[in-house]
Amino acid sequence: MLHLVAFLLHCLPLAMGHYDICKSWVTTDDGPSWEFYACQPKAMRMKDYVTVRVDPPGITCGDPPERFCTHENPYLCSDECDASTPDLAHPPKLMFDKEDEGLATYWQSVTWSRYPEPLLANITLSWNKSIELTDDIVVTFEYGRPTIMMLEKSLDNGRTWHPYQYYADDCMEAFGMPARRVRDLSTTSANRIICTEEYSRWAGSKKEKNVRLEVRDRFAIFAGQDFRNMDNLYTRLESAKGLKDFFTVTDLRMRLLRPALGGTYVQRENLYKYFYAVSNIEVTGRCKCNLHANLCSFKEGTLQCECEHNTTGLDCGKCKKNFRTRSWRAGSYLPLPNGSPNACAAAGLAFGNCECYGHSNRCSYIDFLNVVTCVSCKHNTRGQHCQHCRLGFYRNGSAELDDENVCIECNCNQIGSLHDRCNETGYCECREGAAGPKCDDCLPNYYWRQGCFPNVCDEELLICQNGGTCYQNQRCICPAGYKGVLCEQSKCDSDTKACNSASSTYLSLTTFLISALILQLRHLDF
Ligand SMILES: *[C@@H]1O[C@H](CO)[C@@H](O)[C@H](O)[C@H]1NC(C)=O
Ligand SMILES: *[C@@H]1O[C@H](CO)[C@@H](O)[C@H](O)[C@H]1NC(C)=O
Ligand SMILES: *[C@@H]1O[C@H](CO)[C@@H](O)[C@H](O)[C@H]1NC(C)=O
Ligand SMILES: *[C@@H]1O[C@H](CO)[C@@H](O)[C@H](O)[C@H]1NC(C)=O
Ligand SMILES: *[C@@H]1O[C@H](CO)[C@@H](O)[C@H](O)[C@H]1NC(C)=O
Ligand SMILES: [Ca+2]
């Protein structure tokens, strides 16, 4: 083993410097040991690993069979597309196959028979893995390139989409954007989204079949036309905000918006010559492994980085278990030529024996206690090893101790609860009458009004008397003449002294008048 490694070392030109080795066995004054470097996988033909989807349904020609013409020979419409006949079918997979020399195989759309309704098609490519483009995307169109199209990309497996490049024979008319060329971009605008007119003009359908997203030209802004200054490119990719992400995708989408016209106008009498036909989509790139892997393999239908430096995850985006003394970091292209591995470290390697579960980058030695403790624990953790949750947070039972989501806020209702703390399942301690995990509810027979209060009245036990109605369990609304919490008292009960003087005067006066009236009436009757 050892001499094999030594042999490899001997043969690997160290000057290669393009980050293709992750580690090597070196001899130092302290004896032989591993030395680690930033590393990345080789670029590959990404079309071999892609899944494709073409929209809308029914946009692929041949179902039902259809005749079409070419711009060269618009009145001889002898070509046929028929999905049920292999020789005449044009399914999406033909955009990614290996072609025999000279024989183009291609996906083809239906013709523009519904003109003037636009002929729209989306071709969506998905990798289910972040990849970094290393060369131009080249889309080859048979029978002419679209006069309007755009390229979109996603960085999150198709959840959100962003424009990548616009293509039109007239950028202003189609997109309201001035036409630009990548060659005219500068170091500060290298990741600008542009509209280009270079790939949409009619040039005869046999010539100039390609539409490009120019990755090389953008790299050349930093590395020079001959790519001699790769160091400068890597330095810039590292330091310029958003530059690396510009070349990173998980998905691409071509939105075909108007086919080749073969002239200035659409000829309504011959719509069978307008359609899209794509024979190849070349995407060259490497798996994004955050400079922690030099191999990327296709397993179970998905590209996966073979992570080194004790990292793990699809993109080597986190530290392996038991290697989380420091927070995870991507490897770095700098310093040149070998970069920094920024490897994950096991407990015990860094600073005494202080594990911080990835919630802190720093440990500090407290002299008089003779302990090493983590400093400024993040993610709402606390403790010597950032192993506890801060007050007002509780431990997420389904998360590992080194998960960023390990501490969840208690979120106790401020009025309903006694304090901000909660128990291990997130339950807060409630004031009297309050209920629910967060104390934002009331127990039965309590009502909520900035806190829980016992019901004054209800429909069961505390029923308002004498026709009173219960208002939101808070009080009885009594009819005239009754009072008391449950309207149980008549306002002028002769047995009580509750009648106040005003109303008793009034009442006696009324009684007097009525008696007088009755007396008078009797008088009249008899
Ligand atoms: C193509 O995709 C875009 C979103 O990227 C969507 O708005 C549009 O409706 C799609 N067009 C077709 C024809 O499916
Ligand atoms: C995407 O990759 C993940 C992780 O390897 C895998 O679990 C998932 O099934 C893949 N999804 C598809 C649609 O292939
Ligand atoms: C990763 O961990 C192993 C022990 O499992 C160790 O031998 C190796 O040196 C570590 N690699 C790095 C880059 O720290
Ligand atoms: C608990 O942790 C798991 C695993 O990380 C996470 O998916 C989940 O969202 C977390 N729960 C909450 C409530 O944050
Ligand atoms: C938290 O409190 C709730 C309500 O009092 C209780 O049901 C639960 O068992 C408690 N959980 C723990 C871990 O003590
Ligand atoms: Ca093909």
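This is a predicted model: local features need pLDDT of at least 70, side-chain atom pairs count only at pLDDT 80 or more; totals for chains, interfaces and linings use all residues.
**Ligand sites**

Three residues, N128, T302 and L314, surround ligand 2. In this site, an oxygen atom of the ligand lies 2.4 Å from an N or O atom in the side chain of N128. Of the 360 Å² of accessible area that ligand 2 has on its own, the protein covers 33%.

Around ligand 5 are N423, E424, T425 and Y427. By class, this shell has one nonpolar, two polar and one charged residues.

**Helix α3**

Helix α3 spans residues 215–223, and its buried residues are V215, R218, F219, A220, F222 and A223. An α-helix has 3.6 residues a turn, so residues three or four places apart point the same way. The buried residues of α3 pack against the strands β8 (121–133), β11 (162–168) and β13 (210–213), and against the helices α4 (230–239) and α5 (243–246). Just after α3, G224 adopts a positive phi of about 85 degrees.

**Salt bridges**

The structure holds 18 salt bridges.

| Pair | Closest N to O distance |
|---|---|
| R216 and D135 | 3.5 Å |
| R145 and E208 | 3.4 Å |

The salt bridge between R216 and D135 links distant parts of the chain: R216 belongs to helix α3, D135 lies in the loop between β8 and β9 (137–141), and the two are 81 residues apart. R216 counts as partly exposed, with 37% relative accessibility. D135 is also partly exposed, with a relative accessible area of 23%.

R145 and E208 form another salt bridge. This pair likewise joins distant parts of the chain, with R145 in the loop between β9 and β10 (148–154) and E208 in the loop between β12 (195–196) and β13, 63 residues apart. R145 counts as buried because its relative accessibility is 7%, under the 20% limit for that class.

Beyond these pairs, R45, K47, D48 and E282 are linked in a network of salt bridges.

Note on methods:
Residues are numbered from 1 along each chain as its sequence is written. Chains are lettered from A and ligands numbered from 1 in the order in which they are written. Side-chain values use heavy atoms; hydrogens and water are left out. A residue is near a molecule or strand if one of its heavy atoms lies within 4 Å of it. A polar contact is a pair of N or O atoms within 3.5 Å; within protein, one must be able to donate a hydrogen and the other to accept it, and residues adjacent in sequence count only if both atoms are side-chain atoms. Accessible areas come from the Shrake-Rupley method with a 1.4 Å probe; for residues, only the protein chains shown count as cover. Ala, Val, Leu, Ile, Met, Phe, Trp, Tyr, Cys and Pro count as nonpolar, Asp, Glu, Lys and Arg as charged, and the others, Gly among them, as polar. Buried means under 20% relative accessible area, exposed over 50%, partly exposed in between (1.4 Å probe, protein chains only). Helices (H or I, at least four residues) and strands (E, at least two) are DSSP runs, numbered from the N terminus. Contact means heavy atoms within 4.5 Å. A salt bridge is a side-chain nitrogen of Lys or Arg within 4 Å of a carboxyl oxygen of Asp or Glu.
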